[in-house]
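Here is a short tour of one protein model. Keep the sequence and the 3D view side by side as you read.

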Amino acid sequence: MKYKNAQAILPDALVKELQSYVQGEYIYIPVEQEQQKRWGEVSGYRKELEQRNQKIKQEYQSGISMNCLAEKYCLSLYAVRKIIYQK
């Protein structure tokens, strides 16, 4: 998490108001609920996993066994089964 100096980004009146509550400490300002992103969306990892899972499903449909897929993708047999049967 990157910290920013309040004086550099907030109006002076707001900085003074905040100083009446806290001085010289860090405060966390959460993201608004509507603007929150799901896990992995910012880094792109969610998309990578979706593509990998799609590839696993395609390879299974083309005849590759679940055991081979588990070994190829370094996953447990349970994880591969879960990917293949998910809707």
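## Ground rules

Contact means heavy atoms within 4.5 Å. Helices are DSSP runs of H or I with at least four residues, numbered from the N terminus. Buried means under 20% relative accessible area, exposed means over 50%, and partly exposed lies in between (1.4 Å probe, protein chains only).

This is a predicted model, so local features need pLDDT of at least 70, side-chain atom pairs count only at pLDDT 80 or more, and totals for chains, interfaces and linings use all residues. Residues are numbered from 1 along each chain as its sequence is written, and side-chain values use heavy atoms, with hydrogens and water left out.

## Helix α3

Start with α3, which runs over residues 45-61. The arc is taken from the directions between the helix axis and the C-beta atoms. After α3 comes Gly63, with a positive phi near 115°.

## Leu69 in helix α4

Next is α4, residues 66-72, which holds Leu69. Is Leu69 buried or exposed? Leu69 counts as buried because its relative accessibility is 0%.

Leave out residues up to four places away in sequence. Leu69 then touches Ile56, Glu59, Tyr60, Ile64, Val80 and Ile84. Leu69 and Ile29 are 40 residues apart in sequence, and their C-alpha atoms are 43 Å apart in space.

## The loop between α4 and α5

Cys74 is found in the loop between α4 and α5. Cys74 is not a glycine, yet its phi is positive, about 55°. Its relative accessibility is 70%, so Cys74 counts as exposed.

Ser76 lies in the loop between α4 and α5 too. At 41% relative accessibility, Ser76 counts as partly exposed. How many residues separate Ser76 from Met66 along the chain? They are 10 residues apart, and their C-alpha atoms are separated by 9.5 Å.

## Helix α5

Val80, Ile83 and Ile84 are its buried residues. They cover an arc of only 95° around the axis, which puts them on the same side of α5. The face turned away from that buried side carries the exposed residues Tyr78, Lys82 and Tyr85. What covers the buried residues of α5 includes α3 and α4.

## The largest pocket

A pocket is found on a 1 Å grid over the protein atoms alone: an open set of points where a 1.4 Å probe fits, with protein on both sides within 12 Å along at least five of seven lines. Lining residues have an atom within 4 Å of a point. The largest pocket holds about 690 Å³ of space. Volume here is the space filled by probe spheres set on the points, which are joined across faces, edges and corners.

The lining has 21 residues, and Lys4, Asn5, Ala6, Glu25 and Ile27 lie nearest the centre. Helices α1 (6-9) and α2 (12-19) each supply at least two lining residues. The largest share, four residues, comes from α2. By type, the lining divides into 13 nonpolar, five polar and three charged residues. Nonpolar covers Ala, Val, Leu, Ile, Met, Phe, Trp, Tyr, Cys and Pro; charged covers Asp, Glu, Lys and Arg; polar covers the others, Gly among them.

Key:
The expected span of a helix is 1.5 Å times one less than its number of residues.
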